[in-house]
Amino acid sequence: MNNEKRREIFRRLQQANPEPTTELAWSSPFELLVAVALSAQSTDVGVNKATARLFPVANTPQAIVNLGLEGVKEHIRTLGLYNNKAKNLVAMCEQLLRDHDGEVPRTREGLEALPGVGRKTANVILNTAFGEPTIAVDTHIFRVSNRTNLAPGKNVDQVEQKLLKVVPRDYKRDAHHWLILHGRYTCVARKPRCGSCVIEDLCEYKEKVDLT
């Protein structure tokens, strides 16, 4: 895929959704960090239901620590892996209080040093909370990048590096959101909705299906 085609893809995605953002509910960098940390193997809808119970009670690192492990578990037990997520969340809050005065660090190194926070989560925080041009590659973005031939790669790290290289600079900050939403609602895993896709003629997927 050439750069002219890539630019047109993002121009159309921007035209269709000028101000994309995460579907996770949050009102502070800390709330976003918690929501993203809880989202592993869970849907955004499920996470939002859990944080709707948790955040009114505890939406700061100190409040989470005060709530305690069992208290956190009680609020997020509807999520998969909730025992491990609760353990990581409490440990993360303790480290934020100890090392960062309770503030979410604005560096990749600081974020990735937190319990339960990997590169993908750090990318989401840097991008969505702090406006950095990072691209977090999840299963949706991995699929879209490979299927369309936008930024093919054998693993998420390869796809991330390719996207950072080929996405036009003026689209890079919002690229993560456009691609994840495109993969979630149009370029879906089993039967992509090619008939209703705004970039169908630019896509290089050889097995397109006419489904709206």
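The model is a predicted one.

**Stop 1: the aromatic cluster**

Select Phe10, Tyr171 and Trp178. Together they form one aromatic cluster. The whole count is three aromatic pairs. Start with Phe10 and Tyr171. Their ring centres are 6.1 Å apart and their planes meet at 20°, so this pair is stacked. Now colour by element. Phe10 is in helix 1, residues 3-16. Tyr171 is in the loop between helix 9 (156-166) and helix 10 (172-185). The pair therefore links distant parts of the chain, 161 residues apart. Both Phe10 and Tyr171 are buried.

Keep Phe10 and turn to Trp178. Here the ring centres are 6.4 Å apart and the planes are at 50°, so the pair is tilted. Phe10 lies in helix 1 and Trp178 in helix 10, so this pair ties together parts 168 residues apart in sequence. How buried are these two residues, in relative accessible area? Phe10 has a relative accessible area of 0% and is buried. Trp178 has 3% relative accessibility, and counts as buried too.

**Stop 2: a charge over a ring**

Select Arg147 and Tyr205. The charged end of Arg147 sits over the ring of Tyr205. The distance to the ring centre is 5.1 Å.

**Stop 3: the largest cavity**

Rolling a probe the size of a water molecule over the atoms shows where empty space is left. The structure holds two cavities of 30 Å³ or more. The largest has about 90 Å³ of space. Which residues lie nearest the centre of the largest cavity? Select Cys187, Pro192, Cys194, Cys197 and Cys203 to see them. They belong to a lining of 14 residues. By class, the lining of the largest cavity divides into seven nonpolar, three polar and four charged residues.

**Stop 4: the cysteines**

Stay with Cys203 and show its sulfur. The closest cysteine sulfur is in Cys187, 6.3 Å away. A disulfide needs the two sulfur atoms within 2.5 Å, so the Cys203 and Cys187 sulfurs are too far apart for a bond. Cys203 is at 14% relative accessibility and counts as buried. How many disulfides does a search of the whole structure find? The search returns zero. For another cysteine, select Cys93. At 0% relative accessibility, Cys93 counts as buried.

**Stop 5: the second largest cavity**

Move to the second largest cavity, with about 30 Å³ of space. Select its lining: Ile9, Leu13, Val144, Thr148, Leu150, Leu179, His182 and Ile199. Which elements give two or more residues to the lining of the second largest cavity? They are helix 1, helix 8 (139-148) and helix 10. Colour the lining by class. The lining of the second largest cavity has six nonpolar residues, two polar residues and no charged residues.

**Stop 6: Pro152**

Finish at Pro152, in the loop between helix 8 and helix 9. Is Pro152 buried, partly exposed or exposed? At 34% relative accessibility, Pro152 counts as partly exposed. The C-alpha atoms of Pro152 and Leu163 are separated by 8.8 Å. Along the chain, Pro152 and Leu163 are 11 residues apart.

How values were computed:
Residues numbered from 1 in each chain as written. Predicted model: local features only at pLDDT ≥ 70, side-chain atom pairs only at ≥ 80, totals over all residues. Heavy atoms only, no water. Phe/Tyr/Trp six-rings, centres within 6.5 Å; stacked < 30°, edge-to-face > 60°. Helix = DSSP H or I, 4+ residues; strand = E, 2+ residues; numbered from the N terminus. Buried < 20%, exposed > 50% of the residue type's maximum accessible area, 1.4 Å probe, protein only. Lys NZ or Arg CZ within 6 Å of the ring centre and 35° of its normal. 1 Å grid on protein atoms, 1.4 Å probe; cavity = no way out; pocket = protein on both sides within 12 Å on 5 of 7 lines; lining within 4 Å. Points joined across faces, edges and corners; volume = space filled by probe spheres on them. Nonpolar A, V, L, I, M, F, W, Y, C, P; charged D, E, K, R; others polar.
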